Amino acid sequence: MNSEELLALLSAVGHAQRLRVIGELAEGRLYVSELARRLEMSRPLLYMHLDRLEKAGLVAGRLELSDDGKALKYFELAPFELKLNVATVLAALQEDATGAATSVERP
């Protein structure tokens, strides 16, 4: 994980609404409308939060068809463990340096 990925992860969990989304999805996968009702949040706002969580690798979404032919977008938690310490930050910075050196060497 480089520093950009670390910052995306920290940004994703650094918001009260996104923590609430994680809390609801901890009980199992839900489709967007149900999740929005439980959180008392508009679907557009919820999609914005889900997008941030998905880009950080914390949730995964999948489109499915219901029995009556409706398209439902389901989200579920991806397995993750968040551990932040000096070693995590140093490893991200090292990954940045290694990635930069590799990209400079490539023609």
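Trainee: Why are Lys-55 and Asp-51 separated by about one helical turn?

Mentor: In this predicted model, Lys-55 and Asp-51 are 4 residues apart in helix H4, so about one helical turn lies between them. Their side chains form a salt bridge, with the closest N and O atoms 3.2 Å apart. Lys-55 is exposed at 67% relative accessibility, while Asp-51, at 33%, is partly exposed.

Trainee: Which salt bridges share partners?

Mentor: Glu-24, Glu-27, Glu-34, Arg-37 and Arg-38 are joined into one network in that way. One of its pairs is Arg-37 with Glu-34, at 3.2 Å from N to O. These two sit 3 residues apart in helix H3, so they too are separated by about one helical turn. Arg-37 is exposed, with a relative accessible area of 51%, and Glu-34 is partly exposed, at 21%.

Trainee: What does the side chain of Arg-38 meet in a salt bridge?

Mentor: That partner is Glu-24, at 3.4 Å from N to O. This pair links distant parts of the chain, since Arg-38 belongs to helix H3 and Glu-24 to helix H2, 14 residues apart. Glu-24 is buried, because its relative accessible area of 19% falls under the 20% cut-off. Arg-38 is partly exposed, at 38%.

Trainee: At what angle do H2 and H3 pack?

Mentor: Helix H2 (residues 16-25) and helix H3 (residues 32-39) pack at about 115°, and their axes are 11 Å apart. The crossing is right-handed. On the H2 side, Arg-20, Val-21, Glu-24 and Leu-25 take part, meeting Leu-35, Arg-38 and Leu-39 of H3. By class, that contact has 4 nonpolar, no polar and 3 charged residues.

Trainee: How should I read the sheet?

Mentor: Start with the general idea: strands pair through backbone hydrogen bonds, either parallel or antiparallel. Here, an open sheet of 3 strands runs in the order E1-E3-E2, with antiparallel pairing. Strands E1 (30-31) and E2 (59-65) are at the edges with a single partner strand each, so one side of each has no neighbour in the sheet. E2 pairs with E3 (residues 71-77) over 7 bridges; Glu-64, for example, has Leu-72 in E3 as its bridge partner. Helix H2 lies across E1, E2 and E3, at about 95° to E3.

Trainee: Where does Glu-40 lie, and what is its phi?

Mentor: Glu-40 has a positive value, near 50°. Look for Glu-40 in the loop between H3 and helix H4 (43-55). At 77% relative accessibility, Glu-40 counts as exposed.

Notes
Residues numbered from 1 in each chain as written. Predicted model: local features only at pLDDT ≥ 70, side-chain atom pairs only at ≥ 80, totals over all residues. Heavy atoms only, no water. Axes fitted to C-alpha atoms, helices over the stretch in contact; angles between N-to-C directions. Left-handed = near helix turned anticlockwise from the far one by under 90°. Contact = heavy atoms within 4.5 Å. Nonpolar A, V, L, I, M, F, W, Y, C, P; charged D, E, K, R; others polar. Pairing = 2+ DSSP bridges. Buried < 20%, exposed > 50% of the residue type's maximum accessible area, 1.4 Å probe, protein only. Salt bridge = Lys/Arg side-chain N within 4 Å of Asp/Glu carboxyl O.
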